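The stops below are meant to be taken in order.

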Amino acid sequence: MSAVVPNSTREIQLASRPQGRPVLDNFRLAETDLPELQDGQILVRNEFMSVDPYMRGRMNDVKSYSAPFRLDAALDGGAVGEVIASRSEAHKVGDVVVHSLGWRELAVVDTASATPVQAGLAPTSAFLGALGMTGLTAYAGLLKVAEFKAGDVVFVSGAAGAVGSMVGQIAKAMGASRVIGSAGSPEKVARLLELGFDAAFDYHDGPVVEQLREAAGERGIDVYFDNVGGEHLEAALSVLTVGGHVAMCGAISQYNSMEPASAPRNLAVAIGKQLTLRGFLVAGQRQHAAEFAGRMAGWLADGTVRYDETIVDGLENAPQAFIDLLDGANTGKMLVRLH
């Protein structure tokens, strides 16, 4: 046990539930007492925390696959940090672990909820992104959910984001004949081409369906990895080949909307084309984690896969980082550095 163990932490609480786009007043920076460590618990000094699009849904008081955030309590989410005190045989002081109590500088974590990481394998931040849930989402979504096979033409929306950029590179590594990405700025489009995408377009430049048709050519697309929903999903349905697959990972275009989504309006084409549309959560793909980790470690080591991070410093800036994420301000994984 460390000689001096902190007894309080700063954290970000949900002060009110957003109506549409979140604003800073929905969040509160607070100082709270830490509970005394019990047997089987560790105290973690968080180094990085993740802000992710799915968190927007948890800010609403509605039943979903993940429990809503409570008002006047700390939010939570992925974090990685160093064990600074331990009452657990599984984790000793100095270990680096990933856990789900982000949005605070220090966290008391049950040992069963902490996953040790090989800190020498990659920078610790990578275990929230390329080597973490982000990478597993991309890997399992493409290979297991969308049933990708070598030679497929793949389209990824939100392709410059944390998951999308991984999907495109994994598809290339696994033998895709063509990988197409959409993004929200010329800079992001350029970055996708640097990462090995065969084609990329800015969805602001015109109707998505027209740009996608041009990028795909007569062949069309075999797999669509959907991070955006709405117009992108509608466009993909139009361009998918017979027997095509859609992995429905996210719908960021709708997260702040106060109105029901109007697209896709062409869902019936899935009948004639015999399409498979399958939604998934990374929590349901954990059985592939070991396979993913082995492959991704190799890809990162030999440069087959590269990853981008957008890092914001300071817990107090986490709410703005989250708002910026929903506005598309990030390239790659959006992280907040806490220490």
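Predicted model: local features only at pLDDT ≥ 70, side-chain atom pairs only at ≥ 80, totals over all residues.

Residues are numbered from 1 along each chain as its sequence is written, and side-chain values use heavy atoms, with hydrogens and water left out.

**Stop 1: salt bridges**

A search of the whole structure returns 17 salt bridges, each being a side-chain nitrogen of Lys or Arg within 4 Å of a carboxyl oxygen of Asp or Glu. Helices (H or I, at least four residues) and strands (E, at least two) are DSSP runs, numbered from the N terminus.

Select E105 and R10. Their closest N and O atoms are 3.0 Å apart, and the two form a salt bridge. Which parts of the chain does this pair link? E105 is in the loop between β5 (96-99) and β6 (106-110), and R10 is in strand β1 (residues 8-14), so the pair links distant parts of the chain, 95 residues apart.

Accessibility here is relative accessible area with a 1.4 Å probe, protein chains only: buried is under 20%, exposed is over 50%, and partly exposed is in between. E105 is buried at 13%, whereas R10 is partly exposed at 25%.

Next, select D95 and K92. Their side chains meet in a salt bridge at 3.2 Å, N to O. D95 is buried, with a relative accessible area of 18%, and K92 is exposed, with 58%.

Then go to D222 and R219, a salt bridge in which the closest N and O atoms are 2.6 Å apart. D222 has 11% relative accessibility and counts as buried; R219 has 43% and counts as partly exposed.

**Stop 2: helices α5 and α6**

Select residues 208-216 for helix α5 and residues 230-239 for helix α6; the two pack at an angle of about 40°, with their axes 9 Å apart. Axes are lines fitted to C-alpha atoms, for helices over the stretch in contact, and angles run from 0 to 180 degrees between N-to-C directions. Is α5 parallel or oblique to α6? It is oblique, on a scale where angles under 35 degrees are roughly parallel, over 145 roughly antiparallel, 65 to 115 roughly perpendicular and the rest oblique.

The crossing of α5 and α6 is right-handed, meaning that the near helix is turned clockwise from the far one by less than a right angle, with anticlockwise being left-handed. Show side chains for the contact (heavy atoms within 4.5 Å). On α5 these are V208, V209, L212, R213 and A216, and on α6 they are E231, H232, A235, A236, S238 and V239. The contact residues divide into 7 nonpolar, 2 polar and 2 charged. Ala, Val, Leu, Ile, Met, Phe, Trp, Tyr, Cys and Pro count as nonpolar, Asp, Glu, Lys and Arg as charged, and the others, Gly among them, as polar.

**Stop 3: helices α2 and α8**

Move to helix α2 (residues 133-145) and helix α8 (residues 289-302). They pack at an angle of about 110°, with axes 10 Å apart, which makes α2 roughly perpendicular to α8. From α2, G135, L136, Y139, L143 and K144 make the contact, and from α8, A289, E291, F292, R295 and W299. The division here is 6 nonpolar, 1 polar and 3 charged.

Stay on R295 in helix α8. R295 is partly exposed at 36% and touches Y139, L143 and M174, residues up to four places away in sequence not being counted.

H288 is in the loop between β13 (276-279) and α8. H288 is buried at 14%, and its contacts, leaving aside neighbours within four places in sequence, are L136, A140 and K144.

**Stop 4: two positive phi values**

Most residues other than glycine have a negative phi. Select E147, in the loop between α2 and β8 (153-156). E147 is not a glycine, yet its phi is positive, about 55°; E147 is partly exposed at 46%.

Finish at Q274, in the loop between α7 (269-272) and β13. Its phi is also positive, near 55°, and at 57% relative accessibility Q274 counts as exposed.
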